[in-house]
Amino acid sequence: MPDRRCQDPHAVRAPSENELQVAIGREVRACRKCHGMTVTELASAANISVGMMSKIENGVISASLTMLQALSQALGVPMTSLLRSFEEERSAVFVKAGAGIGVERRGTRAADQYNLLGYIGSSSSAVSVEPYLITLASDTDAFPLLQHPGMELLYLLEGEITYRHGSTLYHMMPGDSLFFDADTPHGPVHLKRLPIRFLSIISYQQRW
């Protein structure tokens with residue numbers, strides 16, 4: 001088993017066979033639903049067993065060219081369309097300094113600033129990521145605890161803060177980070193040195 005510590009995070013990664021299987025399965029499922037067909041109906045039209053059809057849609061196995069041709073004919077689409085989400089160019093979001101979108105997140109105070117630095121939600125990924133630049137400039141109101149699906153990473157840029165996750169308190173200073181399950185109640189408890197600025201990166205599983 002390769003040592004993960006030796007892996008180069010900047011290396012160009014070759015697409016894996018599993019990624020292709022998952023991408024094809026996702027497109028087959030999307031086309032089937034668009035046509036209002038059940039798994040059983042598509043399997044019958046393509047002369048494929050229901051079990052095999054389910055494995056293809058879930059990306060468990062790699063469909064042969066013969067199967068892909070049969071599926072494309074049954075769905076009435078070009079075979080290349082079943083490879084669309086695998087071949088599509090991945091997007092990037094560039095945000096100039098100070099140009100993040102101001103948003104209000106549920107449970108936050110009006111005096112706080114939440115700037116969304118970008119968002120990518122794609123049919124080619126099962127995970128969405130939301131990066132925020134958060135500024136806390138007032139310690140006059142109590143800060144409610146937050147709770148939401150996914151994982152969250154905090155990275156403190158400026159100030160000093162005591163942050164709660166569950167029943168544990170963390171004293172954070174510039175350069176400190178905190179990575180946690182966001183479904184557990186969390187939030188600032190004591191703003192010790194203002195202003196406080198930190199990055200909050202939230203990742204969560206998309207609902208198909």
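**Note on side-chain contacts in the predicted model**

1. E57 and R32 form a salt bridge in which the closest N and O atoms are 2.5 Å apart. The pair links distant parts of the chain, with E57 in helix 3 and R32 in helix 1, 25 residues apart. Both residues, E57 and R32, are buried. The model discussed here is a predicted one.

2. E57 also takes part in a salt bridge with R29, for which the closest N and O atoms lie 3.7 Å apart. R29 belongs to helix 1 (residues 17–34) and E57 to helix 3 (residues 50–57), so this pair ties together parts that are 28 residues apart in sequence. R29 is partly exposed, at a relative accessible area of 24%, whereas E57 has a value of 5% and is therefore buried, the limit being under 20%.

3. A further salt bridge joins E160 to R193, with 3.5 Å between the closest N and O atoms. This pair likewise links distant parts of the chain: E160 is in strand 4 and R193 in strand 7 (residues 186–205), 33 residues apart. E160 is buried, with a relative accessible area of 15%; R193, at 39%, is partly exposed.

4. Through shared partners, salt bridges join R29, R32 and E57 into one network. The count for the structure comes to four salt bridges.

5. The structure holds one aromatic pair. Y163 and F180 form this pair, which is tilted, with 6.1 Å from centre to centre and 35° between the planes. Y163 lies in strand 4 (residues 151–165) and F180 in strand 6 (residues 177–181), 17 residues apart, and the pair links distant parts of the chain. Y163 and F180 are both buried.

Technical notes
Residues numbered from 1 in each chain as written. Predicted model: local features only at pLDDT ≥ 70, side-chain atom pairs only at ≥ 80, totals over all residues. Heavy atoms only, no water. Phe/Tyr/Trp six-rings, centres within 6.5 Å; stacked < 30°, edge-to-face > 60°. Helix = DSSP H or I, 4+ residues; strand = E, 2+ residues; numbered from the N terminus. Buried < 20%, exposed > 50% of the residue type's maximum accessible area, 1.4 Å probe, protein only. Salt bridge = Lys/Arg side-chain N within 4 Å of Asp/Glu carboxyl O.
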